[in-house]
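Good morning, and thank you for the time.

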Amino acid sequence: MSNKQSLAPLFLTNFPKFSVPFNTISHRTFFPALNRLLLRLFLVKISKLPLLSRIMSLSQNQELEYMVDEYYDTTDFDDSTFGDESPRSTDLDDSLDSDFEDDFEVSKSKTDTSAVEARNGKDIQGIPWGRLNFTRDKYRERRLKQYKNYENLSRSREDLEKECKEVGKGQSFYDFQFNTRLVKSTIVHFQLRNLLWSTSKHDVYLMQNYSVMHWSSLLRRGKEVLNVARPLVPTVKYPGSVSQTLSRVQISTMAVRDGLVAGGGFQGELICKYLNQPGVAFSTKISNEENAITNAVDICYSPTGSMRVITANNDQQVRVFDAKSFACTNRYTFPWSVNNTSVSPDGKLLAILGDSPECLIADAQSGKVVSNLKGHLDYSFASAWHPDGRILATGNQDTTCRLWDIRNTSQSIAVLKGRMGAIRAIKFTSDGRFMAMAEPADFVHIFDTQSDYGACQEIDLFGEIAGISFSPDTEALFIGVADRTYGSLLEFNRKHYHQYLDYVL
């Protein structure tokens with residue numbers, strides 16, 4: 001297949017007993033059952049491998065990666081395209097997702113890329129274009145032609161282009177600093193891309209298979225913070241909370257803020273861990289429904305200053321947990337599966353997005369809807385508030401990000417277009433100067449808010465994007481790339497223009 005979004009219908013082709021057309025059911029209803037089927041097929045498949053390969057395949061921290069890889073297929077070329085330099089083996093790796101194959105052993109000296117190396121001509125992701133039978137430009141051209149954006153609703157996009165704001169590209173707000181393949185992001189569900197968070201310009205947290213990993217860009221070293229394949233036993237029993245032991249949790253979404261890590265699971269789990277304490281503080285299955293995947297978690301503060309954890313689930317509910325007692329203090333129900341929530345900077349308003357073209361703004365304390373945002377054409381999966389609390393950005397599978405002034409929500413004030421696919425992640429810098437939006441693959445766009453979002457830097461890469469995050473001091477932007485061979489963590493640093501340098505130049 002030429003793109004990853006189109007693989008799910010392929011499953012229906014391969015397994016005719018699924019007689020319901022794919023576009024009539026939610027893929028998130030479909031995948032839990034499919035996930036179990038894939039695991040069975042996977043076990044059958046590896047049973048044919050040599051014993052050593054079988055043992056390695058079933059290790060706790062690799063099994064999920066193989067299962068996730070089965071969702072995708074990014075190989076755009078026949079085997080012969082890669083020539084003899086990178087022969088395909090007959091082992092399990094044949095089915096794993098990478099458009100490019102390496103024939104050298106992964107090592108820090110070869111796989112990491114510095115800013116100096118990039119300036120000297122090395123590809124920032126370490127892709128050896130000179131050894132391939134196509135150039136980077138040719139491959140980009142082909143990707144743009146063949147990529148098919150995933151849509152839930154087949155609505156006319158004819159007038160959408162006319163609405164989109166004309167943006168001046170070619171800006172450079174953040175410069176490439178470093179890329180490492182020592183830590184690699186992984187994705188459990190192709191529509192959920194909040195799996196990377198920066199807590200400082202030197203500290204990043206990301207999901208790698210069953211591990212929550214910490215990467216220090218200062219030490220250039222990765223460390224496992226939590227392994228969710230092992231039994232998770234809450235260290236403290238909080239009055240009013242319903243905690244339980246969990247294991248082998250597939251983390252579908254995560255958030256990190258002020259020393260707390262919150263992770264949502266593919267089967268409706270919620271896990272909370274304080275970074276300065278051993279073990280997990282809280283873990284539970286917040287819904288027992290078959291299709292209750294936790295689509296988003298948000299760590300925020302109420303108007304009174306108390307920390308809260310908010311979950312958005314496929315069971316159409318938003319739940320609010322107190323971050324000290326982990327008791328569920330509020331629960332709001334909506335008419336469709338909730339894919340994303342975000343709380344305004346003052347803690348008073350809650351943006352709710354889901355399996356509907358319409359987005360909602362509700363009172364964060366009562367859950368009462370106060371505004372209905374209309375304009376998107378498909379389902380929404382991302383949102384972010386400008387730090388001034390007046391602008392809300394929403395990302396949709398119609399390939400656009402809409403900006404809303406909450407003082408007048410009758411229509412969006414601007415529509416920003418992606419290059420290839422849905423807008424699956426949106427982040428503002430803490431000073432409000434820049435907004436970044438990520439597509440499912442290949443492109444991250446950084447907009448200058450001071451130019452009324454009219455100036456943009458486009459970061460062009462190859463691979464699925466697991467998440468994006470600005471550091472709290474705005475100095476760094478991190479991008480997690482999920483790819484079996486070229487999965488990595490990209491770091492960009494904010495450009496600063498000093499008067500004396502401008503004078504010299």
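**The largest pocket and its surroundings**

Strand E3 (196-200), strand E7 (251-257), strand E11 (294-301), strand E15 (338-343), strand E19 (380-385), E23 and E26 each contribute at least two residues to the lining of the largest pocket. Helices (H or I, at least four residues) and strands (E, at least two) are DSSP runs, numbered from the N terminus.

Please note that this is a predicted model, in which local features need pLDDT of at least 70, side-chain atom pairs count only at pLDDT 80 or more, and totals for chains, interfaces and linings use all residues. Residues are numbered from 1 along each chain as its sequence is written, and side-chain values use heavy atoms, with hydrogens and water left out.

The largest pocket holds about 1,000 Å³ of space. A pocket here is an open set of points, on a 1 Å grid over the protein atoms alone, where a 1.4 Å probe fits, with protein on both sides within 12 Å along at least five of seven lines; lining residues have an atom within 4 Å of a point. The volume is the space filled by probe spheres set on the points, which are joined across faces, edges and corners.

By class, the lining has 20 nonpolar, 14 polar and four charged residues; Ala, Val, Leu, Ile, Met, Phe, Trp, Tyr, Cys and Pro count as nonpolar, Asp, Glu, Lys and Arg as charged, and the others, Gly among them, as polar.

Lys427 leads us to the sheets. In E24, its bridge partner is Ala436. E23 and strand E24 (residues 434-438) pair in the antiparallel sense over four bridges, where pairing requires that DSSP finds at least two bridges between two strands. Both belong to an open, antiparallel sheet of eight strands, ordered E1-E2-E28-E27-E26-E25-E24-E23. Its edge strands, each pairing on one side only, are strand E1 (113-114) and strand E23 (425-428).

E19, another contributor to the pocket lining, lies in an open sheet of four strands with the order E19-E20-E21-E22 and antiparallel pairing. The edge strands there are E19 and strand E22 (414-417). Five bridges join E19 to strand E20 (residues 391-396), and Leu392 in E20 is the bridge partner of Trp385.
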